[in-house]
Amino acid sequence: NIDRIPSQPFCRELIMQVQFVVASGSFLGRPLVLQSPCLPSKASVLASVKDKKNRPCHFFQARASSEAPKALSEGETSKEGEKGKFDDWNNWDMTALETSNPNIAVGARKGKVPDIFTGNFLGTEADFVFEYRTKKTKALKNIVGDYHVARGFFDKVSLFIVKNYLADHLPAIKIPVILGIWGGKGEGKSFQTELTFKAMGIEPVIISAGELESKDAGAPAKLIRQRYLEASNVVKAGKMCVLMINDMDAGIGRFGVHTQYTVNQQMVCGTLMNIADNPTNVQMSEYSQAGCNRVPIIVTGNDLSILYAPLIRDGRMEKYYWAPTYGDRVEMCYGMFKDDGLSVEDVASLVSTFKDQSMDFYGALRSKIYDESIRAYVDEIGVGKIAKSLCNSKTPPPQFVKPDVTLDFLMRIGKKLEEEQGMVQKTRLHHEYFEYAF
């Protein structure tokens, strides 16, 4: 008696042995009888057979047949086992031979396993972790508030994305797959891009600069192809998606003679160049003739000139220099402070006072408005008890009353931030500690 047939991990030898036992109709000289709570009985299987299309798989047919299976001579093939034609169970067998764990790689989905395992009770998606496993995109739920997107920035990014999705409908036009957004530090390149994604209803697939290097040769290049194919699957499912690489110059850029150029950096550049030239033919370990969907790629950085020149050439990468104007700064800052009661005139005065600062300066400025309330909370609880109050505490988190934010208060805090910046640039203690290097 075979009480249970292991479902994972599948291996070639096990499947061949089971198929031989089933085909022979006996095991160790005894008649083959399959009785298991995890397998349907003979009566239930035969009762579910309505027509030839829904016939039981050969696994149960061998058990139900009273005759021994006919042995085939060399070169002879059965009608039902004709080359290139497989029933539902044979499809599952072939899938088992191709992957170490079909239940994770494929899932108990309709069309992948016999219909008796995906009936009306479980639904067509019997594998309950399928949706969780395929969630590869960033939902951008961390962006809360009515932030402003600069009009020029939004037009550039949205136009690039739409053109890529219309690439097949624009004859005799080669549209770059990669958009390189570059500019000064802290000007909101990544944040403005994410705001554009949210406005367009796009959940991007994200790669950071830290993932572009690895101890294993070829791993970052493989990661880019993998993430690109994940985004392609999102597009195939009927949703817009974009592959975004943040701070790419920090990951694969050349910062003078003191920067080591690795094999991984070469392969990342080569992979991106190949995707730019063949956006619908991106392959992993096994070649697939089916191809993939085209996915636009957006990269950000401070200086694209330190990247490999053939990668950033026209035709492969479209470049956009982001330098917000005074009007853009006022509009974006007003989106930050309008809930605090500041008027457009107040924000314009603030931007004019700190006109040499980047956009992240105003974000840091706003993060200071709760400092006094938090300091009072620490004094009330006590420094020795603050850990128990904040970590794994059964009491609800503290609720802070929103302080009154005035232009004078922001001006005062901004002056302190500028003083700290000046001290960092003026002191430069590394000249004292590493004098031999200069």
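View 1. Val 162 is partly exposed, with a relative accessible area of 36% (buried means under 20%, exposed over 50% and partly exposed in between, using a 1.4 Å probe and protein chains only). This is a predicted model, in which local features need pLDDT of at least 70 and side-chain atom pairs count only at pLDDT 80 or more, while totals for chains, interfaces and linings use all residues. Residues are numbered from 1 along each chain as its sequence is written, and side-chain values use heavy atoms, leaving out hydrogens and water. Val 162 sits in helix 7 (helices, H or I, of at least four residues and strands, E, of at least two are DSSP runs numbered from the N terminus). Together with Leu 166, Leu 170 and Ile 173, Val 162 makes a nonpolar surface patch of about 300 Å². Such patches take residues with over 30% relative accessible area and no salt bridge, joining nonpolar side chains (Val, Leu, Ile, Met, Phe, Trp, Tyr) within 5 Å and like charges within 9 Å. A salt bridge here is a side-chain nitrogen of Lys or Arg within 4 Å of a carboxyl oxygen of Asp or Glu, and areas come from the Shrake-Rupley method with a 1.4 Å probe, where for residues only the protein chains shown count as cover.

**View 2. Two loop residues with positive phi.** Most residues other than glycine have a negative phi. Ala 172, in the loop between helix 7 and strand 3, has a positive phi near 60°. At 89% relative accessibility, Ala 172 counts as exposed. Now look at the loop between helix 16 (386-390) and helix 17, where Asn 392 is placed. Phi of Asn 392 is positive as well, near 55°, and this residue counts as exposed at 82% relative accessibility.

**View 3. The largest nonpolar core.** In soluble globular proteins, nonpolar side chains tend to be buried together. A nonpolar core is a set of buried Ala, Val, Leu, Ile, Met, Phe, Trp, Tyr and Cys residues joined through side-chain atoms within 4.5 Å. The largest one here has 40 residues, and Ile 298, Tyr 362 and Leu 410 touch the most other members. Among the elements giving two or more residues to this core are helix 7 (151-165), strand 3 (178-182) and helix 17 (407-427). Leaving out residues up to four places away in sequence, the partners of Ile 298 include Val 157, Phe 160, Leu 179 and Phe 197 (contact means heavy atoms within 4.5 Å). A second, separate core of 32 residues includes Cys 241, Leu 272, Cys 292 and Met 317.

View 4. The 18 residues of helix 9 (residues 219-236) should span 26 Å at 1.5 Å a residue, and the end C-alpha atoms are 25 Å apart, which agrees; the expected span is 1.5 Å times one less than the number of residues. Among the buried residues of helix 9 are Leu 223, Arg 227, Glu 230 and Val 234. The buried residues of this helix pack against helix 7, strand 4 (205-207), strand 5 (243-245), helix 11 (263-277) and strand 6 (297-301). Following helix 9 comes Gly 238, with a positive phi near 100°.

**View 5. Glu 194 in helix 8.** Is Glu 194 buried or exposed? With a relative accessible area of 9%, Glu 194 is buried. This residue lies in helix 8 and, setting aside neighbours within four places in sequence, is in contact with Lys 138, Leu 140 and Ile 143.
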